[in-house]
Amino acid sequence: MAWPPGSWLGYSSAGGLGGPGRWTVPVIADRDVERVLVVVAHPDDAEFWAGGTVAGWTDTGIDVTYCVLTDGDGGGFDPDVPRGEIPRIRRAEQQESASMLGVCAVRFLGSSEGSLLDAPRQLHEDLVRMIRQVRPQRVLTWSPEWNWQRFRSCHPDHLATGTAVLNAIYPDASNPFALIHLLQDEGLEPWTVQEAWLLNSPQREINHYVDITDTFDRKVAAVLAHASQIKDPDGLAGRLRERIAPNTAAAGLPEGRLAEAFQVVVTG
Ligand SMILES: [Zn+2]
């Protein structure tokens, strides 16, 4: 793959934010991306934060694989649902939601919510293995940074996920001598991820927007598939629209367009 491919300043998969922009990050053109790995903490994270973008990627033929680290067993709102049923319910919802966006595979690591810091070496190895198996040019995951403007989006699992994924991308996924049994026993060659797209980064770090106007309805439908988490389904589209409304002006888009926001970090 050519690198850099010459797509600078806000290339967008879903809506064509090309041309002069305010961003300075080099972003690989979607046509040069074969595989994306999305690593999130909980079922529904990917759809809430990047569902429109994921739909745009799969529309262009990119293979998108999800890796969901926990079963989100602390989630839900209905006390009548037996808590022991939550992991099964949430995995099924995630599978359905992902398939609505054209995601080709969903892998569940099966950790309990809130437990990602309990076995850091195991999580690290699992993520290095996943990266070497999927061999993505682009990884989408949580920012490891606190966002003080969105405190309640900074779930400890989100921050732990971001830290663990970036630590796996560099150095060990691309170092043949790290976790050497992955190469010797499992035949997993080292792999260099070219870029990481981070969710919920502090506003000052946002450097890329994707126009999701055309995929917004699919995002809403995919979020609605997480029915165990949506107390007011009728108001969901409005809430999602309101949540991302500030991105329109920040992205330099005309009124009425919708965008998802990312911090893109060059990792390759
Ligand atoms: Zn979450």
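This is a predicted model: local features need pLDDT of at least 70, side-chain atom pairs count only at pLDDT 80 or more; totals for chains, interfaces and linings use all residues.
Residues are numbered from 1 along each chain as its sequence is written.

Let us begin with the sheet. Its 7 strands form an open, mixed arrangement in the order β3-β2-β1-β4-β5-β7-β6. Here helices (H or I, at least four residues) and strands (E, at least two) are DSSP runs numbered from the N terminus, and two strands pair if DSSP finds at least two bridges between them. The edges belong to β3 (105-111) and β6 (208-211); each has a single partner strand, so one side of each is left without a neighbour in the sheet. On average, neighbouring strands are turned by 25° against each other, direction ignored. Such angles are taken between axes, which are lines fitted to C-alpha atoms (for helices over the stretch in contact), and run from 0 to 180 degrees between N-to-C directions.

Now follow β7 (residues 259-266). With β5 (residues 195-199) it pairs in the antiparallel sense over 4 bridges, and within that pairing tryptophan 197 has valine 264 as its bridge partner. β6 and β7 also run antiparallel, joined by 4 bridges; tyrosine 209 finds its bridge partner in alanine 261 of β7. Although β6 is an edge strand, both of its faces are covered: His208 and Val210 on one side, and Tyr209 and Asp211 on the other, are all buried. Buried means that 20 or more other C-beta atoms, placed from the backbone, lie within 10 Å of the residue's own.

On to the helices. Helix α2 (residues 86-100) lies across β2 (63-70) and β3, running at about 160° to β3. Helix α3 (residues 120-134) packs on the sheet too, touching β1 (35-40), β2 and β3, and its direction makes about 160° with that of β1. Contact here means C-beta atoms, placed from the backbone, within 7 Å. The buried residues of α3 are Leu123, Leu127, Val128, Met130, Ile131, Arg132 and Val134, and what covers them includes β1, β2, β3, α4 and α5 (180-184). After α3 comes arginine 135, with a positive phi near 55°.

Leaving aside neighbours within four places in sequence, valine 38 is in contact with Ala46, Val54, Val64, Thr65, Tyr66, Cys67 and Leu140.

Finally, a few backbone details are worth a visit. A cis peptide bond, with omega about 5°, joins tyrosine 170 and proline 171, and this proline 171 lies in the loop between α4 and α5. Aspartate 44, in the loop between β1 and α1 (45-59), has a positive phi near 95° and is buried, with 24 other C-beta atoms within 10 Å. Asparagine 200 sits in the loop between β5 and β6; its phi is positive, near 60°, and with 23 C-beta neighbours inside 10 Å it counts as buried.

Technical notes: Two residues are in contact if their C-beta atoms, placed from the backbone, lie within 7 Å. A residue is buried if 20 or more other C-beta atoms lie within 10 Å of its own, exposed if 12 or fewer, and partly exposed in between; C-beta atoms are placed from the backbone.
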